[in-house]
Amino acid sequence: MDKLNLQDYEWKIVVRPLTMDDFDALVAMQQRCFPGMKPWSRQQIESQLQIFPEGQLGIEIDEQLVASASSLIVEYDPAMEWHNWHAVADHGYIRNHNRKGDTLYGIEIMVDPEYRGMKLSRRLYDARKELCRERNLARIIIAGRIPGYHQHADELSAREYAERVVRKELFDPVLTAQLANGFTLQGIIPDYLPSDGDSRGYATFLEWRNLEYRPGAKRRYHHWVEPIRLCVVQYEMRPVRSFDEFAQQCEFFLDVASDYKSDFVLFPELFTTQLLSCVHATRPGLAARQLAEFTPQYLEFFGEMSVKYDLNVIGGSQFVVEDETLYNIAYLFGRNGSIGKQYKIHITPSERKWWGVTPGNKVEVFETDCGPIAVQICYDIEFPELTRIATKKGAQLIFVPYNTDTRHGYMRVRNCSLARCVENHVYVAISGCTGNLPFVENADIHYAQSGIFTPADAEFARDAVAAECNPNVETVIIHDVDLELLRRHRESGSVQNWNDRRLDLYHVTYEEDGEQHRI
């Protein structure tokens, strides 16, 4: 098998400011989203971009505009005609934009129907929230359509319909998404857009409060908390009949992680070996290469899911054949559509004996929207030099997909992960498999107790365990880790292992890309 080109499986997704070059695509998308409603004119878009370019956002997937959001800043006034879109939005020209105001007003958000269900509105709302934080604005106010109302208008008032959506008794494609993104319902606006037949002209009046707002400050204060939400999957191995069945199980966990607004989700090492239960049984070395034949499907599936669910996914690891050589590779699927890979560097005796795996030669550190991270596959966490290298390269989060058959093997991974936290002032998350795969050689039994570990100091969790699964049951743990707390710990913790290394006595030297490096 030739070496796979990861660019063939990447999605290029970008949240960016809109420009006038987007006008034709914007109007076409508006007509698909709101058929029968008058789209933006060129003069309106030119005015929006000239007056407040930072507030006009678009999402591009593979160089195609698929979602957009438009907004302006106003000074909050309870007496303002919030019920009148034309007044608040200046008929779409936003000439009333007040750069010294305290409220971001959203005048439109839309997602191309072909790309709905991919949580693109979450990305736009998150970008608006970040704009509020950066500019120290007190709130976001939006008036939202309720396009599902026309189906219930004969028996429910608009207020009754909205209240039932809030109580989860009904689903509305717009209001439900807005509530899920942290907005609260403040009222109902009649005759907001009379041309909106699906909403019967009504709109909801919604608000999101910026908890970091400081009256009188020009810009945001320094973040005293920088939380990153991790979801760790403890995955039960079971026979499957097809790749689609395997993918269905994985998507369940991705959906859970996304519902909890996780930044990362971690799967176990070689959890893909359950696919061997749906192929013809053969010798372990040949079976590993059979498993590698699923790699294109695996890359396509997780590449799409990371974008769809707005997650950074560490997809466990998978066997890959490159130039007739078998590797064990962990892939990072970024929610921006990128794909990175980390070869397993240390191969266990059983991997060599049963499967003939070849080691990789480089410690990768991946830049993500939550900062630099590293992935160390199972046995690799048991070699302290690798985490030293990753930490020197900037990693603060180490993800360890592992696969162990006994408690002894699990304890090696756990104890070494805890040690790496202390030595390098990092967080380490570990994810393992449970359950059995009868008659799958070298992958038939599993033992796991997945967890999230911290340095051992007063400001962290007791026993340096932030969260931990019960052993040998399929479950997930979800926990926030704080990078700002980690930074302060490295600078002023009770012990400062990184700073107190005796580099006059010892150091780590490693080879990379033909050059020698020293830590």
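Helices H7 and H9 pack with their axes 11 Å apart and at an angle of about 25 degrees. Because this angle falls under 35 degrees, H7 counts as roughly parallel to H9. The crossing of the two helices is right-handed. On the H7 side, the contact is formed by Phe243, Ala247, Cys250, Glu251 and Leu254, and on the H9 side by Gln297, Tyr298, Phe301, Phe302, Met305 and Lys308. The model in which this packing is described is a predicted one.

Helix H7 comprises 17 residues, spanning positions 243-259. From first to last C-alpha, H7 reaches 24 Å, close to the 24 Å expected at 1.5 Å a residue. Lysine 261, which follows H7, has a positive phi, near 55 degrees. Buried positions of H7 are Phe243, Glu245, Phe246, Ala247, Gln249, Cys250, Phe253, Leu254, Val256, Ala257 and Ser258. Their cover includes helices H4 (120-134) and H9 (295-308), together with strands S8 (227-237), S9 (264-266), S10 (312-314) and S21 (475-482).

The largest nonpolar core of the model contains 55 residues. Within this core, the residues with the most contacts are Leu230, Phe264, Leu397, Ile398, Phe399 and Ile452. Leaving aside residues up to four places away in sequence, isoleucine 452 touches Leu230, Val232, Val428, Ala429, Ala464, Val465, Ala466, Ala467, Ile477, His479 and Val481.

How values were computed. Residues numbered from 1 in each chain as written. Predicted model: local features only at pLDDT ≥ 70, side-chain atom pairs only at ≥ 80, totals over all residues. Heavy atoms only, no water. Helix = DSSP H or I, 4+ residues; strand = E, 2+ residues; numbered from the N terminus. Expected span 1.5 Å × (residues − 1). Buried < 20%, exposed > 50% of the residue type's maximum accessible area, 1.4 Å probe, protein only. Contact = heavy atoms within 4.5 Å. Core = buried A, V, L, I, M, F, W, Y, C linked by side-chain atoms within 4.5 Å. Axes fitted to C-alpha atoms, helices over the stretch in contact; angles between N-to-C directions. Parallel < 35°, antiparallel > 145°, perpendicular 65-115°, else oblique. Left-handed = near helix turned anticlockwise from the far one by under 90°.
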